[in-house]
Amino acid sequence: MTLDGKSVVITGAATGIGRGITECVVKAGARVTLVGRREEPLRDLADRYGPAVAYVAQDVSAPGAAERIVATAADRFGGVDAVVNNAGLARFGRLDESDPALFDAMFAVNVRAPAELVRRALPHLRARRGSVVNISSVGAVLSMPGRSFYGATKAALNSLTRSLARELAPDVRVNAIMPGPVDTPMWNETGLDEAATERLRVDLRSSTPMGRFGEDTEIGRWVCMLLDPESSGWVTGALIPVDGGRTA
Ligand SMILES: NC(=O)c1ccc[n+]([C@@H]2O[C@H](COP(=O)([O-])OP(=O)(O)OC[C@H]3O[C@@H](n4cnc5c(N)ncnc54)[C@H](OP(=O)(O)O)[C@@H]3O)[C@@H](O)[C@H]2O)c1
């Protein structure tokens with residue numbers, strides 16, 4: 001598997017699953033533009049990986065974000081071969097306890113921002129017969145009591161993935177990975193209290209046939225494979241569960 005010299009944009013790149021994706025993509029020889037809101041973790045990764053890595057401290061849902069991200073990748077690495085839409089917002093709660101503004105906020109980060117980033121990168125992606133990978137969730141296809149808003153945004157991301165795969169073929173491939181539970185900082189920021197989070201973690205572990213959470217690198221390697229035309233040149237519109245069997 002090689003991504004030698006390709007210019008890859010990764011959002012939410014510095015922690016959790018994004019970090020696992022970054023590790024694989026850099027090791028495969030790509031030049032990478034990392035995106036996240038906080039500068040420090042991005043700078044730490046850029047220092048670690050050297051000149052093959054640039055970063056943009058940017059909220060992906062802010063006006064003009066996609067333009068700035070694509071401009072940085074184009075300035076530093078001459079264009080964009082691939083976009084990995086990984087940044088995500090997960091806020092849990094039952095419908096009658098949830099603020100509708102949360103739905104808008106999740107939709108903005110989980111659906112609108114990925115679409116806008118692909119739109120802005122499209123001239124580059126088309127010219128280079130590039131590729132997009134969206135990080136969805138098993139929540140897109142499972143029923144999600146207590147997490148309905150989040151699940152709905154990921155279902156929308158799946159829909160976007162499949163429609164764009166047809167719309168942009170044969171120039172640009174568009175796929176999604178649906179991770180099962182992975183131990184990341186996300187689990188401390190869902191809005192649930194500590195006891196409810198622990199109950200959910202126990203429930204997720206017991207309902208996952210492989211009996212454990214996944215590792216960020218286990219998602220990262222699948223992203224690398226989808227980006228690599230030698231491995232996946234005939235794969236587009238795929239929604240791939242990498243989930244320890246949770247959707248089996
Ligand atoms: N962990 C799981 O069990 C799991 C399962 C299925 C799917 N997923 C999906 O996997 C993706 C990564 O999540 P994770 O679990 O790795 O969580 P995480 O560690 O919290 O990572 C999220 C990353 O996205 C960045 N980010 C968040 N909002 C952003 C915004 N508005 N603009 C730019 N960057 C933003 C964060 O950095 P800053 O805070 O610095 O912005 C952070 O690096 C998400 O799409 C999530 O829905 C996770």
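A crossover is termed right-handed if, with the strands pointing away from the viewer, the path from the first strand over the helix to the second runs clockwise. The structure is a predicted model, in which local features require pLDDT of at least 70 and side-chain atom pairs count only at pLDDT 80 or more, whereas totals for chains, interfaces and linings use all residues. Residues are numbered from 1 along each chain as its sequence is written, and side-chain values use heavy atoms, with hydrogens and water left out.

Helices (H or I, at least four residues) and strands (E, at least two) are DSSP runs numbered from the N terminus. Strand β2 (residues 31-36), helix α2 (residues 39-49) and strand β3 (residues 53-57) form a β-α-β unit that is right-handed. β2 and β3 pair in the parallel sense through five bridges, pairing being assigned if DSSP finds at least two bridges between two strands. Within this pairing, Leu34 has Tyr55 of β3 as its bridge partner.

Accessibility is described as buried (under 20% relative accessible area), exposed (over 50%) or partly exposed in between, using a 1.4 Å probe and protein chains only. In α2, the buried residues are Leu42, Leu45 and Ala46. These residues cover an arc of only 100° around the axis, which puts them on the same side of α2; the arc is that of the directions from the helix axis to the C-beta atoms. Elements covering the buried residues of α2 include α1, β2 and β3. Glu40, Asp47 and Arg48 are exposed on the other side of the helix. Gly50, with a positive phi near 80°, follows α2.

One disulfide is counted, defined as a pair of cysteine sulfur atoms within 2.5 Å. The bond joins Cys24 to Cys224, with an S to S distance of 2.3 Å. Cys24 lies in helix α1 (residues 16-27) and Cys224 in helix α7 (residues 216-227), so the pair ties together parts that are 200 residues apart in sequence. The link is left-handed, with -140° about the S-S bond. Both cysteines are buried, Cys24 at a relative accessible area of 13% and Cys224 at 0%.

Asn134 is located in strand β5 (residues 131-135) and is buried, at 2% relative accessible area. The side chain of Asn134 makes a polar contact with that of Asn85 at 3.0 Å. Such a contact is a pair of N or O atoms within 3.5 Å; within protein, one must be able to donate a hydrogen and the other to accept it, and residues adjacent in sequence count only if both atoms are side-chain atoms. Leaving aside neighbours within four places in sequence, residues in contact (heavy atoms within 4.5 Å) with Asn134 include Asn85, Pro114, Leu157 and Thr161.
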